[in-house]
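The following note concerns helix packing and selected residues. Please read it alongside the sequence and the structure shown here.

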Amino acid sequence: MSVHPVDEKLPALKMATTGLQHVAAMYAGVVAPPLIVGAAIGLTATDLTFLTGACLFTAGLATFLQTLGIWRIGARLPFVNGVTFAGVAPMTAIVAATDDKSEALPVIFGAVIVAGLLGFLAAPFFSKAIRFFPPVVTGTVITLIGVSLLPVAFGWAQGPNPGARDYGSTTNLGLAAATLLIVLLLRRFTHGFVKQVAVLLGLVAGTLVAIPFGATDFGPVADAAVVGFPTPFHFGTPRFQLAAILSMCVVMVVSMTESTADMLALGEIVERPADERTIAAGLRADTLGSALSPLFNGFMCSAFAQNIGLVAMTRIRSRYVVATGGAFLVLMGLCPMAASLIAVVPRPVLGGAGVVLFGSVAASGIQTLVRAGLEKDNNVLIVAVSLAVGIIPITAPEFYHAFPETAKIVLDSGISTGCVAAVTLNLVFNHLGRGRDAKDVTHPMETVPAQSIS
């Protein structure tokens, strides 16, 4: 009996190198939230390093839950889990509203625990939305995931600090372009294993190229401790405040919506479509991982969309590869020096590789849309409007500036708004009422034949 590629166990070396690729692709996304929140609180360098390591450690544990699974927990797909960026804005708002900054993290942790437990209970009901995600919806959402992530890569390409003098300099952009070129050349002119780890090799080569330009900082490696454990409740016992809990519950709904879309996208890519049971199990892993994360001083966890691009590009679909990446994350959480090795990779180098990774996600969405029946004008309109709604936060970041902060948590996520728009329009055009035959018109700008109007 043949084994599905998702359940395939690869040779140890290949498992390790491809697992490292996943860690490299998502590392910046995991460490950014603790760095931002820690800076807002005013943590010392030691505490900031501790908080970052804790988030890496809990991301690894959440990845184990998602890929390997226990009972009905875990989608058992090649999914990397980590700190969701959707929680950054409400967490910094909680920090701002807390007079004693030393109490900010306990308040955040308490809110995340409650939101995670409520999400865990809601997972089986949330998963029933699967029937509202036909190819016209999933293709749109997958495309939006890729398009929404591309600005992240462009930001990385310009440099780590928008306020720095060299941000967007020709040197930084040149390093990003060189990394992109190296990855493309490896993908074009190599074969087999080397071709599959092209992104990892591109990151290594790009880092080496960056050394003469002074863009590579080895200081974090020299200063990092060899061993460190994220002691439970290091920053204090969790505190439970209603306002903080409500804001994090909103983030949890956004996170569950995005994770559902991500699971549908990955299911298409690995040719194991995510059904209702898979989505429920995946959401349980997300929410349970989030509920447990604060025990080790971590934040809310969710599936990382950027790693979907790596799966799509390399065609390595084994969940055990991603589980190996989770093991590296745990190791980094326990060994700050190991974590600092990934931190050595300059942000512009990550940006160059990110263009390939995130663009691959968008391309996968387009492939799904090809099978979505776009010869029907209803479906064309669904895609057109949903894409437009989804890219608003990208093309017009201040579009929702007059809305309440709680509403902006949802509205500023193009993936969430585009997903809601696609599901709603699909219901209106393809399910509610009889309406006219969608095959009467093949393009939304085409005139409706007179005989079809009665």
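**Note on helix packing**

1. Arg284 is located in helix α11; helices (H or I, at least four residues) are DSSP runs, numbered from the N terminus. The model is a predicted one, in which local features need pLDDT of at least 70, side-chain atom pairs count only at pLDDT 80 or more, and totals for chains, interfaces and linings use all residues. Residues are numbered from 1 along each chain as its sequence is written, and side-chain values use heavy atoms, with hydrogens and water left out.

2. Arg284 counts as buried because its relative accessibility is 12% (buried means under 20% relative accessible area, with a 1.4 Å probe and protein chains only). Outside the four places on either side in sequence, Arg284 is in contact with Arg72, Ile73, Phe120, Ala123, Pro124 and Gly289 (contact means heavy atoms within 4.5 Å). Gly69 lies 215 residues from Arg284 in sequence, and their C-alpha atoms are 9.9 Å apart.

3. Helix α4 (residues 104-126) packs against helix α11 (residues 276-292) at an angle of about 170 degrees, and their axes are 7 Å apart. Axes are lines fitted to C-alpha atoms over the stretch in contact, and angles run from 0 to 180 degrees between N-to-C directions. The pair is therefore roughly antiparallel (an angle over 145 degrees). Residues making the contact include Phe120, Ala123 and Pro124 of α4 and Arg284 of α11. By class, the contact of α4 with α11 has eleven nonpolar, four polar and one charged residues; Ala, Val, Leu, Ile, Met, Phe, Trp, Tyr, Cys and Pro count as nonpolar, Asp, Glu, Lys and Arg as charged, and the others, Gly among them, as polar.

4. Helix α5 (residues 135-158) and helix α15 (residues 347-370) pack at about 165 degrees, with their axes 7 Å apart. These two helices are therefore roughly antiparallel to each other. The residues of their contact divide into 20 nonpolar, eleven polar and one charged.

5. Both α5 and α15 are among the elements that cover the buried residues of α16, as are α17 (392-395) and α19 (414-430). Those buried residues are Asp377, Asn378, Asn379, Ile382, Val383, Ser386 and Gly390.

6. Thr63 belongs to helix α2 (residues 45-67). With 1% relative accessibility, Thr63 counts as buried. Beyond four places in sequence, Thr63 touches Leu68, Phe79, Val80, Asn81, Val322, Gly326 and Leu329.

Technical notes:
Parallel < 35°, antiparallel > 145°, perpendicular 65-115°, else oblique. Buried < 20%, exposed > 50% of the residue type's maximum accessible area, 1.4 Å probe, protein only.
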